[in-house]
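Student: I would like to learn how to read strands and helices in a model. Please start with strand pairing.

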Amino acid sequence: MARFKRLEVLNTIVDVGLVPVFYHPDVEVAKNIAAACASGGARVVEFTNRGDFAPEVFKELSLYLAQEHPDLILGVGSVVDAPTAALYIAYGANFVVGPLLNPEIARLCNRRKIAYSPGCGSASEIAQAEELGVEIVKVFPGTAVGGPAFVRSVLGPCPWTSIMPTGGVDATEESIMAWFGAGAACVGIGSKLIRKEWVAAGDWMAITAQVRKVLAWIQAARA
């Protein structure tokens, strides 16, 4: 069961502007990654549904964060069907993200008052998602669908849309400025933020520092 209300989750994602995205099969490593993100100022993290027994890792991570980092909002990503979404919601997912739009997931999440951000690659898909109650639409893969120019083009006729590009967002000042300058409401960043070499070396301080930098760039972009 989600610990945070949907309105609180959505508002936090938009307020902070950053959703760190990660996966690791070792629950202790996953705990350290989440804690490092929280230390850097992140208030939301997304654990992706990849690999064998990923739900079990998520369950342990969810229990750990509830005790040690109760203010950090945990969600699940890479979800493509409603049964998988239901499993993660039972394990404490506060939001659900996917690479594609699935109306069954949208209806399930609406019943449970869980935020759902599906991956969309066209104005028509974005409109369909919004008709299903989606508040923050994930644009994926961000670079392949047109980059910041795509976001700007969609917001022209649809200024009410909240877009979260993921896939192609770099953890650099230039990239952050480009996406937020185009009107992105927030961004999801995975391996460019939580680098494999840092995880392999257990360099959690490097992840913390990178998260802190990105959050500072977001604030500057919005200013």
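Tutor: Two strands pair if DSSP finds at least two bridges between them. Helices (H or I, at least four residues) and strands (E, at least two) are themselves DSSP runs, numbered from the N terminus. Before the cases, note that this is a predicted model, in which local features need pLDDT of at least 70, side-chain atom pairs count only at pLDDT 80 or more, and totals for chains, interfaces and linings use all residues. Residues are numbered from 1 along each chain as its sequence is written, and side-chain values use heavy atoms, with hydrogens and water left out.

Student: In β8, which residue is the bridge partner of I136?

Tutor: It is S162. I136 belongs to strand β7 (residues 136-139), which pairs with β8 in the parallel sense over four bridges.

Student: What is the order of the open sheet of three strands?

Tutor: The order is β6-β7-β8, and the pairing is parallel. β6 (119-120) and β8 (162-165) are the edge strands, each pairing on one side only.

Student: How many bridges join β1 to strand β9?

Tutor: Three bridges join them, and β1 and β9 (residues 187-189) run parallel. L18 stands opposite V187 in β9. Strand β1 (residues 18-22) also pairs with β2 in the parallel sense, over two bridges, and here V21 stands opposite E46 in β2.

Student: How many residues of β1 are buried?

Tutor: Buried means under 20% relative accessible area, exposed over 50%, and partly exposed in between (1.4 Å probe, protein chains only). Five of the five residues of β1 are buried, so the strand is largely enclosed by the rest of the structure. Both of its faces are covered: L18, P20 and F22 lie on one side, V19 and V21 on the other. Strand β2 (residues 44-48) also has five of five residues buried, so β2 is largely enclosed by the rest of the structure. From β2, V44, E46 and T48 point one way and V45 and F47 the other way.

Student: How are two packed helices described?

Tutor: By the angle between their axes and the distance between the axes. Axes are lines fitted to C-alpha atoms, for helices over the stretch in contact, and angles run from 0 to 180 degrees between N-to-C directions. Angles under 35 degrees count as roughly parallel, over 145 as roughly antiparallel, 65 to 115 as roughly perpendicular and the rest as oblique. The axes of helix α4 (residues 82-90) and helix α5 (residues 103-112) come within 8 Å and cross at roughly 30°. That makes α4 roughly parallel to α5.

Student: Which residues of α4 and α5 meet?

Tutor: Contact means heavy atoms within 4.5 Å. A82, A85, A86 and I89 in α4 meet E104, I105, L108, C109 and R112 in α5. By class, this contact has seven nonpolar, no polar and two charged residues. Ala, Val, Leu, Ile, Met, Phe, Trp, Tyr, Cys and Pro count as nonpolar, Asp, Glu, Lys and Arg as charged, and the others, Gly among them, as polar.

Student: Is A221 buried, exposed or partly exposed?

Tutor: A221, found in helix α10 (residues 204-222), counts as partly exposed at 23% relative accessibility. Leaving out residues up to four places away in sequence, A221 touches I176, M177 and F180. The C-alpha atoms of A221 and W179 are separated by 9.0 Å, and the two residues are 42 apart along the chain.
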